[in-house]
Amino acid sequence: MTTPTHLLLGLVIGKISILAGIHADPQVVYTLGAVSALIPDIDIVYYGLGVNHHQSLLHKPFVWFTGLLFVALYFIIMHETILLSYVIIFSLGVLSHFLLDMGNYTEGVRWLWPISRKSFHLFPLAKQAKQWKKRFTIFTHHPAFLFEGTILISSLFFIIFFNNP
Ligand SMILES: [Zn+2]
């Protein structure tokens, strides 16, 4: 899934959290939504752009949710309710990343790692081409393209037209 789609869905999570009446700074909520929805893809820094980076540790849900669970438990014990709500928003952002990545056209998500290496994907996977032009053609003719477009456009509409009360 591409960066703009992850980013927009992160902002949608921020907006829904605010609409749901979260008692927290809206700027922090939006920033957390955006950052968390993108953060598994920072493995691109290591792998480089255009390389299939979805097999790194940062694309293993287990790694994120185990870490976030410990942080959440700490804030529960310390009665830090606002910080806990930030962890929940962050977790939702990361979750949104993996749900969207299930719609990728070259790689799914290894939800059961480290128990299993099975990759979960919404559509049949295609081979990633080396050339950008060929890659673009394969992507635009794959169901993942329509899936991503639908999420991107509906997120954009939600952010622009669904105003806060
Ligand atoms: Zn990703």
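Predicted model: local features only at pLDDT ≥ 70, side-chain atom pairs only at ≥ 80, totals over all residues.
Leaving aside residues up to four places away in sequence, L100 touches M1, T5, H6, L9 and I151. L100 also lies 8.0 Å from E148, C-alpha to C-alpha, although 48 residues separate the two along the chain.

## Confidence

The average pLDDT of the protein is 92, and 95% of the residues score at least 70. Confidence is highest in α4, with a mean of 97. The lowest mean, 74, belongs to helix α3, which covers residues 44-47.

## The largest nonpolar core

The largest nonpolar core contains 20 residues. Those with the most contacts inside this core are L9, V12, I13, L32, Y86, I89 and F90. Two or more residues each come from α1 (3-19), α2 (26-38) and α5. The biggest share is that of α5, which supplies eight residues. In soluble globular proteins, nonpolar side chains tend to be buried together.

V12, one of the core residues named above, has contacts of its own to S155, F158 and I159, again not counting residues up to four places away in sequence.

## How α2 and α5 pack

Helices α2 and α5 pack at an angle of about 35°, and their axes are 7 Å apart. Their crossing is right-handed. On the α2 side the contact is made by V28, V29, L32, G33, S36 and A37. On the α5 side the residues are Y86, I89, F90, G93, V94, S96 and H97.

By type, the residues of this contact are eight nonpolar and five polar, with no charged ones.

## Two backbone features in loops

H79 sits in the loop between α4 (61-77) and α5. Its phi is positive, at about 55°, although H79 is not a glycine. H79 counts as exposed because 8 C-beta neighbours lie inside 10 Å, and the limit for that class is 12 or fewer.

The other feature is a cis peptide bond between W113 and P114, with an omega of about 10°. P114 belongs to the loop between α5 (81-101) and α6 (132-140).

Note on methods: Residues numbered from 1 in each chain as written. Helix = DSSP H or I, 4+ residues; strand = E, 2+ residues; numbered from the N terminus. pLDDT = per-residue confidence, 0-100. Core = buried A, V, L, I, M, F, W, Y, C linked by C-beta atoms within 7 Å. Contact = placed C-beta atoms within 7 Å. Axes fitted to C-alpha atoms, helices over the stretch in contact; angles between N-to-C directions. Left-handed = near helix turned anticlockwise from the far one by under 90°. Nonpolar A, V, L, I, M, F, W, Y, C, P; charged D, E, K, R; others polar.
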